[in-house]
Every structure is written in structure tokens, then in C-alpha cells.
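Here is a set of questions and answers on one predicted model.

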Amino acid sequence: MADHQAAGDTNIDHASAGDPAPSRQPIGFIRQVELVDRVKAYDPDADEDLLNKAYVYAMKAHGGQTRASGDPYFSHPLAVAAILTSLRADPATVATALLHDVVEDTDATTDDIRKLFGGEIARLVDGVTKLSQIELKSEASKQAENFRKLVMAMADDVRVLLVKLADRLHNMRTLHYIPKPEKRQRIARETMDIYAPLAGRIGVQRFREELEDISFRELSADAHATIASRLEDLQKHSLGGVLELANVLREKLAAAGIKAQVMSREKRPYSIWRKMTQKNVSFDELADIYAFRVLVDKPEDCYAALGVIHSNWRMIPVEFDDYISAPKPNNYRSIHTAVIGPPSPDGRRQRIEIQIRTYEMHETAERGVAAHWQYKDSSAGGSTVEIVTRGQYDPYETPRRLVEMFQSGEDPDEALQYAKLELFQDQVFCFTPKGRVIALPKGATPLDFAYGVHTDVGDQCIGAKINGVQRPLRTPLNNGDVVEILRSDHAPVPAEWESIAVMGKTRSAIRRRIKKLEHEDHVALGRSIAESVFTGAHLEFSLKGVREGLKRLGKNSVEDVLIAIGKGELPVADLVEAVYPGASVESDSEIRAASLQAFRPRMAIAGLTPGVKVKMAGCCTPLPGERIVGIRQDDGSVRVHAIYCETLAEEDPPQDRWLDLKWRDREEGATAFTRVVTTVMNGVGVLSEIAGIIARYGVSIANIRIQNRSKEFVDFIVDVEVKDARQLTQMLAGLRASPHVIDAERIGAGDNDEL
């Protein structure tokens, strides 16, 4: 734990507005003994020989190499090692920092490192080296793949990430030595998108703030300069008031018997810019340009100090957050509040942000995962490090969640975008009815909450109550919301779900479920078509028969055959031939094939919910190319009508039952079924003529039956397979042109067309 100042002392931490804080200035070339002393200051049992040997080995290996700045190259790994001592990194990590470039930039090998420094350091150096080699090959288009490799490496040992972050931090401090602006911009954008958020997620806030600010200065130079100038002016006119206010705050706490250290620190330009854009406020409207930090001994003192502050100054409710009772995922704990303070010299009331935490919480906030390292003697005589955590905090949670994301089969580019949303944005903390805390990205919905609780809960979700009131699943959640998920064993997957999900985990789960439902649909559809064709041909359909025909079909399983038929990739006639070689599906009196039930519109219509029962309205039998609408039925199914359907106009269903549907762009070879009635003069060969006319237009006959036969006329009811409405119109015109045809028109298919 850091040394405490006397209870009455006030520490004001200020720096020039345009310059980094003194503790964050680039570290110069430090001597070997100084580096060892830094480590031994927090780990008295540190292996001095290891650190000395790594120092000398790296210095000799890099020899006369120089950096773009003209400095000796060894100054870089030395600076990285020094940065890590500020986190009180273990000796192995500091040694890794000294050695992290020798394999990449010199003749040394990983085996050399293993022989000289042992397996642990060799593994860490190898992990950092591989990441650096990826970056050397990197282009903007490869960012997602680089990120995936980074995630996989840090999941094994988070110290690899710490060395990489310190390496990036020193490179950013010397970014101005890179002559090409486009390269500086690319590095700054990558730092802002990936490295700074990762530093925040493992709790190393000092790294995150400096990485963000340097990146901001490169990416938005004018905005950075403007805010830095405003900060400099503010400091000139307000420093006395800040000192006085800190003193008043100290006196109030002391009067209440609370031992506390009071610190004030100025916000960095990027932090101010982010708040200005997020809250859509001006520089003058910000409450926390100067923030005060109150450090106390015990958690109960935090709440006592909060009571004193709120008793003396009016709080701003929307600025209050209690991260002690509900810690952030990186184990950050603190109370944040903002109050209307005493008037400034010009008479205006000052808005003040105050953070209240214990010294232990402060260590975690400053050093992140490194604050949980505990040093102990090893059997080899040196010192080793172990991570000691409390409660549910797990420093490997973020790496593991990212690995899950990449291992779930997501496209790397999409996974990168989802990772940014899910893991790197501000958090909201919501509760289950039983009080379990669920951390979600800002903007998350109850649907994300459901999948955040468990995948099964998300799969069964049909609705949600927020704070006891039923609300739409697309409602953004706020801190403190109590969310109850309404569930059903037969929950559908509405088409819009993927668009309202924010978390990558949610979208991945929804996609997996949709694929599973579509898989089941294709199997069921393929079986239905096959059974219909076999029945129409008076042949027995059996899975055993299909299994025996697998080799002839070139398929591995019966399921593969049914899926191929359901997708339209395998003609049913090929299946008949494979199971019953030489069999015919035609007879003298009828031509039978797949009936209208073979048409499965959910595959071709956009806007339908997977798994819902769909019926093509028998009154109009809509076809691709026609405008269509869906009408939700009392039983939950959907009936699809053509927009011009007279029956639909007569029924005039309520508007809340209407669904806006449209045909998807159909794949090559995709077809649909409809029914026509053709009235012809009764005579020999008329059926053949009708079949010939239909075939000339590329239309297949699925079924024909005779109706209303008389001596003069006969009606043929023909079920046909067409590509779209245009092809059907052309075929009907061709039929009507025949001298033997009295009339030909499209008719309804009846009400037995459930799909």
C-alpha cells in the first residue's frame, strides 16, 4: 500500500495544461543499479542477478542500433522496463521488457533466452515477439487479425499484455519522430481503438489516459490545442480557488472526525473532449475539469465522507455513481459524486466532481491488475509472483471473453467491432430480480441482458420487465435497472432481434439459433417434399431406402439428402432414381410430383420470424415478383396475401395484424408453385397439347387433375412450378392463344396450403 500523508495534508497534483504530468514524461537512460533499486523498493526479494543479466544482455545485443529519434535503441526496452516498475511489475516482467526486442531485432533466438533466463521469461518474450512481428506486417485491413492474435497471446498470461502496453506507451511518447503523417495517424488510431481500451479493461488507468491523450493530439490536433489552451487559461485564473476549495473540503472532513487525504487533479484534454461530445455540453458547462479525490482508510469512511460532502453542498443526482457496492468489471471501486460548490471569485457557483475511495481502492485504480500481484520467495531462491484477487474479480475475464468471441466462429472483422462495443465502451450495471449484478456495454438492451445472464435465458426470451414495467426489448438500459426476463420454451427469433442487440455475444447467439432453426426447417421441408413425391408416384418412402441410395447421390447421410432437397439443391427425381432405379413418377391418367406444400416461403420472404407457421393465402396464391403482405392470425401463424387480393380487401383485418413483407432476391433456379384452371374443348390429345404449351414456357407441371368433364368441355386443374409472376403471365397468354383453349386463369389453391 502507498505511504499515506498526514491526515491534515493537502496534495494538489497539477501540471502545465499543454504538457504531460511530470510522472508521465519520457524516462531517460537510467543506470543498471537504479533499475534494480526500483524493483527492490517494492519487491525486496527480487532476483538482482536476473535483472542485471537481462540489462547487460539486452544492451550488448542491441549494440550500436539507433531509433528514429537518434537515441541508442537500448533506450527503448530500458524505458519500457522503467515504465513497468511504476506498476510494481514482477521481476520476470521487467526482465521481459528489457529483452522483448532482442529476438526480433538481433541474432538472439528464443532458445538462447530459454537457456540463459529460463522457461518463464522465454515464454513471455516469445509472446511479445510474436505480437511485434504481426505489427511489422500490419496494414489497416489486417487490424482485426492482429487483434485476434493479441487476444490469444494475452489470454495465456496477462503480463504479455502489460509489456505490450508499456511498449506501445513508450512508442507513442516518441511518435512525433515518425516523419510520415499517415503512419502516425494509423498508429494513433490503432492505439485509440485497441490498446487504450485494453489498458482500461485491465485497470491500468494511467496507461489508458496517456495513450488516449497522445492519440487525440495526433488525430485531432486542433481540438487538442484548443482544449489545452482553455485549460492553461483556467489554471491561471482558478488555481487559487482550487487550493482554497480543497482546503475547505479537508476542514469539513476533519471536523467530522474523518482522516482523509485530499487531492486535486486536472483532467486531460481527451477526457474533457469525450465528455463534451458525449454530453453535448460546452467547456464551461463541465462539472469535473477539476476533480477532487478523497482517500480514506476504510470503506465505511467512504460513505461517511460522502455524507459530509452532501450535507454541505447540493449534489447533482445524475452525476452520482457508487462503484464500491457495484464495482466495474476491472475491479475499479470508488464513489463518484458532483456537487454545486461555493461561489468562485467572480460570483459563479462551481460544479465540482469528487471521487471517494480507500487507499487500497486507489492502488487498484492506478495499477490495475498489477495491484493484485503478491510477491513470494521461490524454491530457486529468487522471487515469483501470483495474482491474489478478492470477490468475483478475475483479471483474465476480459481476455477469456474476447477469446470466446473469436472461437465462436465470428468473422474477425465483425468480432473486432463487437469487441469494441461489448468490452471497451462505458458500462451500465443492471440487476436480476434476485440481486445479481450484470455488467453490460452502454446502450445495451434487455435482450443483451438476457444473454448476459445465460444463453438459455436469451434463447427463451419473449419479453422483459424493467423496474416492474413491461417494456420493448429494444429499450436501452440504465444503471441500476432491475430487469426481469419473460421466458417461453418455444420462443421465436424475430427477424429484427439481431439489429437491436448491442453485445457481440448476443448477436453470435442469435445467429447460431437462427442457423439451427433453418437447419431444422430444411430437414423437415426436404422430408415433406420427398414424401409427397414418393406418395404421388405410388412408391414407399423410407429412411432406410434413402440410406441405401447415399452412394449414388454422393451424400454422406440421410440428413444431408433431406437438407439438399429442402434447399432445392437436389432434384427429387434424382432421389427417386437413386432409391428406385428406373422408376417413373408419371401414370397415364395423372402427372404427380411435389404438391403445393413443397413451396416453403419462409426461405424466400423477408420479414418473417424463423419457426413461425406460414400459410400462403389460398385465395390469391402470391408469387415472387408480386407485392405481398402478411396477416397475423389468432393462432400466431402468418397468412401471406398478394396486395391486390379481393378476399383481403373484404376481410379488412386490423392494421396491427399487418406485416410488411417482401420477396427476397431469389437464387438462380429458385421456384414457387401456384394453381391454374384451363377450360378446353374435350377431345383426344388435348392434355398433351396443354402440357406441351406449358413446357414451352419453361414451366414444370407438379400435378394435374380433371374436373367438370362434359361432352363439349373439360376443366383441367394444373399445379405448376414457376420462377415468378411474370413467367406465369406469359404461360397463361400462351394457353389462351391455343384454338382448343376456351379460357385459362390463375385460381386460389384452397385452404390446405399450410407451409
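A charge sits over a ring if NZ of Lys or CZ of Arg is within 6 Å of the ring centre and within 35 degrees of the ring normal. The model is predicted: local features need pLDDT of at least 70, side-chain atom pairs count only at pLDDT 80 or more, and totals for chains, interfaces and linings use all residues. Residues are numbered from 1 along each chain as its sequence is written, and side-chain values use heavy atoms, with hydrogens and water left out.

Q: Which residue lies over the face of Phe-117?
A: The charge rule above applies here, with NZ as the atom for Lys. The distance from the ring centre of Phe-117 is 5.2 Å. The residue is Lys-53.

Q: How many aromatic pairs does a search of the whole structure find?
A: Rings of Phe, Tyr and Trp (its six-membered ring) pair if their centres lie within 6.5 Å; planes under 30 degrees apart count as stacked, over 60 as edge-to-face and the rest as tilted. Ring pairs also link Phe-216, Tyr-270 and Trp-273 into a cluster. The search of the whole structure gives 5 aromatic pairs.

Q: What is the angle between the planes of Tyr-55 and Phe-74?
A: A pair of aromatic rings is described by the distance of the centres and the angle of the planes. For Tyr-55 and Phe-74 the centres are 5.2 Å apart. The pair is edge-to-face, with a plane angle of 85 degrees.

Q: Why does the pair of Tyr-55 and Phe-74 tie together parts that are apart in sequence?
A: Helices (H or I, at least four residues) and strands (E, at least two) are DSSP runs, numbered from the N terminus. Tyr-55 lies in helix α2 (residues 48-62), whereas Phe-74 lies in the loop between α2 and α3 (75-85). The pair therefore ties together parts whose separation in sequence is 19 residues.

Q: Is Tyr-57 buried or partly exposed?
A: Buried means under 20% relative accessible area, exposed over 50%, partly exposed in between (1.4 Å probe, protein chains only). Tyr-55 is at 4% and counts as buried, and Phe-74 is buried at 3%. Tyr-57 has a relative accessible area of 22%, so Tyr-57 is partly exposed.

Q: Which residue forms an edge-to-face aromatic pair with Tyr-57?
A: The centres are 5.7 Å apart, with 80 degrees between the planes. The pair links helix α2 to helix α6 (residues 110-117), across 60 residues.

Q: With which residues is Phe-207 in contact, leaving aside its neighbours within four places in sequence?
A: Contact means heavy atoms within 4.5 Å. With those neighbours set aside, the list for Phe-207 is Ile-83, Leu-87, Leu-162, Leu-165, Ala-166, Leu-169 and Ala-199.

Q: Which residue in β14 stands opposite Ala-464?
A: Strand β12 (residues 461-466) pairs with β14 in the antiparallel sense over 5 bridges. The residue opposite Ala-464 is Ile-485.

Q: How many bridges join β21 to strand β24?
A: Strand β21 (residues 672-681) has 9 of its 10 residues buried. β21 also pairs with β23 (residues 713-722), antiparallel, over 10 bridges. With β24 (residues 741-747), again antiparallel, the count is 6 bridges.

Terms used
Two strands pair if DSSP finds at least two bridges between them.
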